[in-house]
Amino acid sequence: MTNIAILTGRIAREPDTRETKGGTNVTGITVVTDRPARDKDGKTKRQENGYTAKESEFHRVTCFSRLAKTVGQYCSKGQLVSVQGRIHYTQWEDKDGVTRYGTEILADKVDFLSRGNGSGENDDNKDAPEID
């Protein structure tokens, strides 16, 4: 049995990097993907200007250790990335005792398909890994 997820999309907001009490780097990103919008008959919808209408989905992606450090350092909002990982489901009780559910992608690999904007004042992303 296999659990593999592959996403290609743009980073929707700046990466959120933190460190666990045990010293492990963790970076969360949100990747937005688009697909053609369809009507009730399954036909592709068109906008008034003739372009295909799109529906967007937002995916939570979590990276750990060295990958987390690299993604946190070199990725930024708007950057095109490809993510490979696995789907992870969680369940918890909130402070009111209500059962909540969540889904995220635990990343094994993140490929940079475009350069990021850099997140620091003097960071022009010149040291980012090469793009194939």
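Which residue forms a salt bridge with R35, and how far apart are the closest N and O atoms? The partner is E57, with the closest N and O atoms 2.7 Å apart. The legends below describe this pair and other close-up views.

This is a predicted model, in which local features need pLDDT of at least 70 and side-chain atom pairs count only at pLDDT 80 or more, whereas totals for chains, interfaces and linings use all residues. Residues are numbered from 1 along each chain as its sequence is written, and side-chain values use heavy atoms, with hydrogens and water left out.

**View 1. The salt bridge between R35 and E57.** A salt bridge is a side-chain nitrogen of Lys or Arg within 4 Å of a carboxyl oxygen of Asp or Glu; the structure holds five of them. R35 belongs to strand β3 and E57 to strand β4, so their pairing ties together parts that are 22 residues apart in sequence. Helices (H or I, at least four residues) and strands (E, at least two) are DSSP runs numbered from the N terminus. R35 is partly exposed at 39% relative accessibility, and E57 is also partly exposed, at 36%. Here buried means under 20% relative accessible area, exposed over 50%, and partly exposed in between, with a 1.4 Å probe and protein chains only. A network of salt bridges links R35, E55 and E57.

**View 2. The salt bridge between E104 and R60.** The closest N and O atoms of this pair are 3.8 Å apart. Because E104 lies in strand β6 and R60 in strand β4, the pair ties together parts that are 44 residues apart in sequence. E104 counts as buried at 12% relative accessibility, whereas R60 is partly exposed at 46%.

View 3. I105 is buried, with 9% relative accessibility. Between I105 and R60 there are 6.2 Å in space, C-alpha to C-alpha, although the two are 45 residues apart in sequence. Contact means heavy atoms within 4.5 Å. Leaving aside neighbours within four places in sequence, the residues in contact with I105 include A5, L7, R60, V61 and V83.

**View 4. The largest nonpolar core.** Such a core is a set of buried Ala, Val, Leu, Ile, Met, Phe, Trp, Tyr and Cys residues joined through side-chain atoms within 4.5 Å. It has 18 residues, and those with the most contacts inside it are V61, C63, V71, V81, V83, A107 and V110. Two or more residues each come from β1 (5–11), β3 (25–36), β4 (54–64), α1 (65–74), β5 (80–93) and β6 (99–112). Beyond four places in sequence, V83 is in contact with residues including I6, V31, V61, A107 and V110. In soluble globular proteins, nonpolar side chains tend to be buried together.

**View 5. The salt bridge between K109 and D111.** The side chains of K109 and D111 meet at 3.8 Å, N to O. K109 is partly exposed at 39% relative accessibility, and D111 is partly exposed at 28%.

**View 6. Q79 in the loop between α1 and β5.** Q79 is buried, with a relative accessible area of 2%. A polar atom of the Q79 side chain lies 3.1 Å from the backbone nitrogen of S76.

**View 7. Residues 119–124 and model confidence.** pLDDT is the predictor's confidence in each residue, from 0 to 100. The chain has a mean pLDDT of 89, and 87% of its residues reach 70 or more. Over residues 119–124 pLDDT stays under 50, and the model has four contacts beyond four places in sequence for them.

Key. A polar contact is a pair of N or O atoms within 3.5 Å; within protein, one must be able to donate a hydrogen and the other to accept it, and residues adjacent in sequence count only if both atoms are side-chain atoms.
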